[in-house]
Amino acid sequence: SLGKHAFKQDEKQSKMSEALQGECVAVLKHKNASDVPPISGDCAAGSEEERAYVADNKHATLTKETAPRGSGFFALWRCGKGHVWTATIANRSDGSGCSRCSRY
């Protein structure tokens, strides 16, 4: 069973997929949902609201290119339709997606 545990550890440490990196706006400094400030679901890419949110909440060292796929840190995400939301990197890596798109 040690081999299985080692695989899980490797998977947890490997980087996010390119597809997830493409949807990741920024890795946030928060690990607790209660610490993650709300952001408008329709916040425009590159808008003042988005820039201010990222500036106030981004992680000091982790980026979308360096954050492990199993990370418990939250990130700001934007789907292909432009919807914005926050979720942990681990949840996104496990397959969760845009909650607004999944309702349609």
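Modeller: Arg78 has Val84 as its bridge partner in S3. Strands here are DSSP runs of E with at least two residues, and helices are runs of H or I with at least four, both numbered from the N terminus. The model is predicted, so local features need pLDDT of at least 70 and side-chain atom pairs count only at pLDDT 80 or more, while totals for chains, interfaces and linings use all residues. Residues are numbered from 1 along each chain as its sequence is written, and side-chain values use heavy atoms, with hydrogens and water left out.

I begin with the partners of the strand. S2 and S3 pair in the antiparallel sense over 5 bridges, where pairing requires at least two DSSP bridges between two strands. In the hairpin that they form there are 5 residues between the strands, and Gly82 takes a positive phi near 95 degrees. S2 also pairs with S1, again in the antiparallel sense, over 3 bridges. In that pairing Cys24 stands opposite Trp77 of S2.

Next comes burial. A residue is buried under 20% relative accessible area, exposed over 50% and partly exposed in between, using a 1.4 Å probe and protein chains only. S2 is largely enclosed by the rest of the structure, because 5 of its 5 residues are buried. In a regular strand, side chains alternate between the two faces of the sheet. In S2 both faces are covered: Phe74, Leu76 and Arg78 are buried on one side, and Ala75 and Trp77 on the other. S3 is likewise largely enclosed, since 4 of its 5 residues are buried.

The nonpolar packing follows. A nonpolar core is a set of buried Ala, Val, Leu, Ile, Met, Phe, Trp, Tyr and Cys residues joined through side-chain atoms within 4.5 Å. The largest one has 14 residues, and those with the most contacts inside it include Cys24, Trp77 and Trp85. Strands S1 (24–27), S2 (74–78) and S3 (84–88) are the elements that give two or more residues to this core. Apart from it lies another core, of 10 residues, among them Ala26, Leu28, Phe74 and Leu76.

Leaving aside neighbours within four places in sequence, Cys24 is in contact (heavy atoms within 4.5 Å) with Met16, Lys64, Ala75, Leu76 and Trp77.

Arg92 is found in helix H4 (residues 89–93) and counts as buried, at 8% relative accessibility. Beyond four places in sequence, the contacts of Arg92 are Leu20, Glu23, Trp77, Trp85, Ala87 and Gly97.

Finally, I turn to the cysteines. With a disulfide taken as a pair of cysteine sulfur atoms within 2.5 Å, the count comes to 0 disulfides. Cys79 is therefore in none, as the nearest cysteine sulfur, that of Cys101, is 3.8 Å away. Cys79 is buried, with a relative accessible area of 9%. The sulfur of Cys98 is also too far for a bond, because its closest cysteine sulfur, in Cys101, is 3.8 Å away. Cys98 counts as buried at 10% relative accessibility.
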